[in-house]
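This report is an introduction to one protein for a reader who has not seen it before. Please look over the sequence and the structure first.

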Amino acid sequence: MKFQYIEKPVGKIFSRRDFLKAGGVMTAVVAMTGYAITDIIKRRKSYIAMRQEGLYKDDKRCQNLKLTSSHQNPSCAKSYEDLKTEPMGEIAEKLLHTNAYFDRKNLILQGANHA
């Protein structure tokens, strides 16, 4: 008996060649998207690291000046003095502190210019 190879039909819409082309394009799209997402995450992490480094530098500088709390900062003290209140005072609590978190993602700002 002689061996005979008969190729099975893959489908009515795609030939094998078309299937490989579509698969290659889809693979390329997934790879490029993954690269873009990875790049965004890397940049975000570098911004976070730079921000942390800046905050640590500010903390060191404040500690060297013996400023361990924000209300000891001369500019904050001037604000308290201008408002005629003291840290944790009633007016300071109303004006300078937040007591609740408001989700503002869905807030529509009319007339706002974010340029």
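## Overall layout

From the N terminus on, the order of elements in this protein is α-α-α. The protein holds three helices and zero strands. Helix 1 covers residues 16-64, helix 2 covers 74-82, and helix 3 covers residues 90-96.

## Confidence

The model is predicted. Its mean pLDDT is 83, and 88% of the residues reach 70 or more. Confidence is highest in helix 1, with a mean of 92, and lowest in helix 3, with a mean of 82. Where pLDDT is low, the coordinates should not be read in detail.

## Surface and burial

The protein has 115 residues, and buried residues make up 4% of them.

Ile13, Phe14, Phe19 and Leu20 make a nonpolar surface patch of about 500 Å². Leu20 is found in helix 1. Leu20 has a relative accessible area of 64%, so it counts as exposed, the cut-off being over 50%.

## A buried loop residue

Thr85 is placed in the loop between helix 2 and helix 3. Is Thr85 buried or exposed? Its relative accessibility is 14%, and therefore Thr85 counts as buried; the limit is under 20%.

Leaving aside residues up to four places away in sequence, Thr85 touches Tyr80, Glu90, Ile91 and Ala92.

Technical notes. Residues numbered from 1 in each chain as written. Predicted model: local features only at pLDDT ≥ 70, side-chain atom pairs only at ≥ 80, totals over all residues. Heavy atoms only, no water. Patch = residues over 30% accessible without salt bridge, like charges linked within 9 Å, V, L, I, M, F, W, Y side chains within 5 Å. Areas by Shrake-Rupley, 256 points an atom, 1.4 Å probe, with all protein chains shown as cover. Salt bridge = Lys/Arg side-chain N within 4 Å of Asp/Glu carboxyl O. Helix = DSSP H or I, 4+ residues; strand = E, 2+ residues; numbered from the N terminus. Buried < 20%, exposed > 50% of the residue type's maximum accessible area, 1.4 Å probe, protein only. pLDDT = per-residue confidence, 0-100. Contact = heavy atoms within 4.5 Å.
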